[in-house]
Amino acid sequence: MKHDSILITGASSGLGHSLALTLARPGRRLFLGGRNAERLTETARQCISRGAAAEIRLCDVTHRSAMEEWVQGTGGLDMVLACAGITGGTRRPPAPDMAPYEPDAQVRQMFATNVEGVLNTVLPALRLMLTQPRAQDGLRGRICAISSVAGVVSYPGTPAYSAAKAAVDRFMVATGGNMKQAGILLSSVVCGFLNTPMVARNRFPMPGLMDVDNASRRILRGLRRNERRIVFPHWLVAGSRFMDLLPIRLAEAYYTNQPTGAAGSMPEPDLS
Ligand SMILES: NC(=O)c1ccc[n+]([C@@H]2O[C@H](COP(=O)([O-])OP(=O)(O)OC[C@H]3O[C@@H](n4cnc5c(N)ncnc54)[C@H](OP(=O)(O)O)[C@@H]3O)[C@@H](O)[C@H]2O)c1
């Protein structure tokens, strides 16, 4: 199938920005979403300089009707990449006999952005693609959402993020099993740390930290191969899956002694 018309959320930064640039070429129309006008415009400028047509949309993925309007208004999409997301960890205990915690607002914003935001992208895209004719290879479109290795484990340092990413992965992989009959391929990306602004201020070593442009190429290769779940680095994801098989008390004893994701070691997300 052709990949002439592509919508990307989170295109103003990090992975979404890198995917946009990697995909930008003459004959391609890119619909780029984000909230930061300056950074999104800069992504579009760079895509246009590579020969693509690029249209920006300032849009919060948590706004369901605005997302619906944006997706439907494109008139047709070959590929959708749902990259928008936020992260955040636990805060230090407020008193010596208290526990690390995530503020309620952070938990809710994490689910609103990382779960609802993905649904607000994927569901209208599915509806739109179902109206599109099949290409010669039988496909109508592809949709990919970014999960995380964090979704493979119940990580005490990032409870809401882990839960949200698990939901994204399960939804994409399971729905993909149905939608392939209709010629729409769904993929979930289960990746480790990428060197983007999201993790730039983490105060702990990040095992397997990967260059974001390498990650983009790895994701696009997975999509070309019709992989339902695109996994990298394998050793990190395999190790995490093993940890998740252990009795919870053993896994927790290990996690709580790791510097990664210790309470107060991640920047607080913007909850405005
Ligand atoms: N970096 C990693 O180590 C890593 C690892 C695994 C998975 N991931 C996932 O990869 C995806 C991309 O992350 P990244 O590393 O590229 O982070 P990033 O550099 O912080 O970029 C996040 C993007 O999401 C957008 N975004 C956040 N909230 C939004 C909202 N409510 N509405 C619309 N756009 C919103 C941001 O747009 P504005 O800035 O314009 O608001 C930005 O473009 C995320 O889903 C993340 O969870 C990242």
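Biologist: What share of the contacts in the protein with a separation of 6 or more comes from residues 24 or more positions apart?
Modeller: That share is 69%, where contact means C-beta atoms, placed from the backbone, within 7 Å. Bear in mind that this is a predicted model: local features need pLDDT of at least 70, side-chain atom pairs count only at 80 or more, and totals for chains, interfaces and linings use all residues. Numbering runs from 1 along each chain as its sequence is written.

Biologist: OK, how many helices and strands are there?
Modeller: Eight helices and seven strands; these are DSSP runs numbered from the N terminus, H or I of at least four residues for helices and E of at least two for strands.

Biologist: And what's the radius of gyration?
Modeller: 19 Å, close to the 19 Å from the globule rule for 272 residues, so the protein is as compact as a globular protein of that length. The radius is taken over C-alpha atoms, and the rule is 2.2 Å times the number of residues to the power 0.38.

Biologist: What about the core, which residues have the most contacts inside the largest nonpolar one?
Modeller: I8, L30, L32, L81 and A82, in a core of 64 residues. Its largest share, seven residues, comes from α4. A nonpolar core here is a set of buried Ala, Val, Leu, Ile, Met, Phe, Trp, Tyr and Cys residues joined through C-beta atoms within 7 Å. Buried means 20 or more other C-beta atoms within 10 Å of the residue's own, exposed means 12 or fewer, and partly exposed is in between.

Biologist: What does L30 touch, leaving aside neighbours within four places in sequence?
Modeller: Its contacts include I6, I8, A20, L23 and C47.

Biologist: What covers its buried residues?
Modeller: The cover includes α4 (104-130), β5 (141-146) and β6 (184-191). Among the buried residues of α5 are Y161, A164, V168 and M172.

Biologist: And A166, buried or partly exposed?
Modeller: A166 sits in α5 and counts as partly exposed because it has 19 C-beta neighbours inside 10 Å.

Biologist: Last one, how many residues surround the ligand?
Modeller: 31, the closest being G10, G14, G34, G85 and M198; a residue is near if its C-beta atom, placed from the backbone, lies within 6 Å. The largest share of that shell, three residues, comes from α1.

Key: Two residues are in contact if their C-beta atoms, placed from the backbone, lie within 7 Å.
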